[in-house]
Amino acid sequence: MSSSGGGGGGAASASASFEQRAKRRPPGPSQQQQHRKLLRLSVQDDDVAAGVVPPVTVVLDGRCICHRVHLNRHTGYRSLAGALRRLFVDADDDLGEDGLDLANAIPGHVVAYEDMEDDLLLAGDLKWNDFVRVAKRIRIIPAKKSSRTKKCGGGDRLDN
């Protein structure tokens, strides 16, 4: 009889120690406090939410080193074009912010981006805020020569 009483006493002491540990733990935030915190986070400005946007990888085709750019720290496409030029072009041209855009940021190259669905699109077609939201990777691709060059001795040739 004493052995069964000892087993029950062990279980009782185990549950008592669990209750003591639970009492020592500081109380967590209530459900209502957590809900309020989530509401505050969802209502905040776009500026604060933009600070959480991760950096975007910039890849120049033909190079094995990538760079990371925080798009939310730029004011628009011209600012991004200036940053890309500083990253990839050694020459210090005197174009300034006014004469610089994505078309001439890196001579002989086109600036494109991959969106969330891994589609490759031309950069500069979207509004800046939308671009910052959807761009996942920026790719700088060599521009191809136009295939519409005139062929010498084309169709106006006379056969003698």
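Biologist: How many of the five residues of β1 are buried?

Modeller: Some terms come first. A residue is buried under 20% relative accessible area, exposed over 50%, and partly exposed in between, with a 1.4 Å probe and protein chains only. Helices (H or I, at least four residues) and strands (E, at least two) are DSSP runs, numbered from the N terminus. In β1, five of the five residues are buried, so this strand is largely enclosed by the rest of the structure. The model is predicted: local features need pLDDT of at least 70, side-chain atom pairs count only at pLDDT 80 or more, and totals for chains, interfaces and linings use all residues. Residues are numbered from 1 along each chain as its sequence is written, and side-chain values use heavy atoms, with hydrogens and water left out.

Biologist: Which strands does β1 join, and in what sense do they run?

Modeller: β1 and β2 run antiparallel and are joined by three bridges; in one of these strands, β2, valine 69 is the bridge partner of valine 56. The hairpin of β1 and β2 has six residues between the strands, and glycine 62 takes a positive phi near 100° there. β1 and β5, in contrast, run parallel and share four bridges. The partner of threonine 57 in β5 is arginine 137. Elsewhere in the sheet, β3 (residues 109-114) pairs with β4 in the antiparallel sense over three bridges, and alanine 112 has leucine 122 as its bridge partner in β4.

Biologist: Is α4 mostly covered or mostly open, and how many of its twelve residues are buried?

Modeller: An α-helix has 3.6 residues a turn, so residues three or four places apart point the same way. Helix α4 is mostly covered, with nine of its twelve residues buried, including Leu80, Leu84 and Phe88. Contact means heavy atoms within 4.5 Å. The buried residues of α4 pack against β1, β2, β3, α5 (128-134) and β5. The length of a helix can also be checked: its expected span is 1.5 Å times one less than its number of residues. For α4 this gives 16 Å, and the end C-alpha atoms are 16 Å apart, which agrees.

Biologist: Which residues have the most contacts inside the largest nonpolar core?

Modeller: A nonpolar core is a set of buried Ala, Val, Leu, Ile, Met, Phe, Trp, Tyr and Cys residues joined through side-chain atoms within 4.5 Å. The largest one has 24 residues, and Leu71, Leu80, Leu84, Leu102, Phe131 and Ile138 have the most contacts inside it. β1, α4, β3, α5 and β5 each supply at least two of its residues, and α4 gives the most, with five. Leaving aside residues up to four places away in sequence, leucine 71 touches Val56, Leu80, Trp128, Phe131, Val132, Ala135 and Ile138.

Biologist: How many disulfides does the structure hold?

Modeller: A disulfide is a covalent bond between the sulfur atoms of two cysteines. The criterion is a pair of cysteine sulfur atoms within 2.5 Å, and the structure holds zero. The sulfur of cysteine 64 is 8.6 Å from its closest cysteine sulfur, in cysteine 66, which is too far for a bond. Cysteine 64 is exposed, at 78% relative accessible area, whereas cysteine 66 is partly exposed, at 40%.

Notes. Two strands pair if DSSP finds at least two bridges between them.
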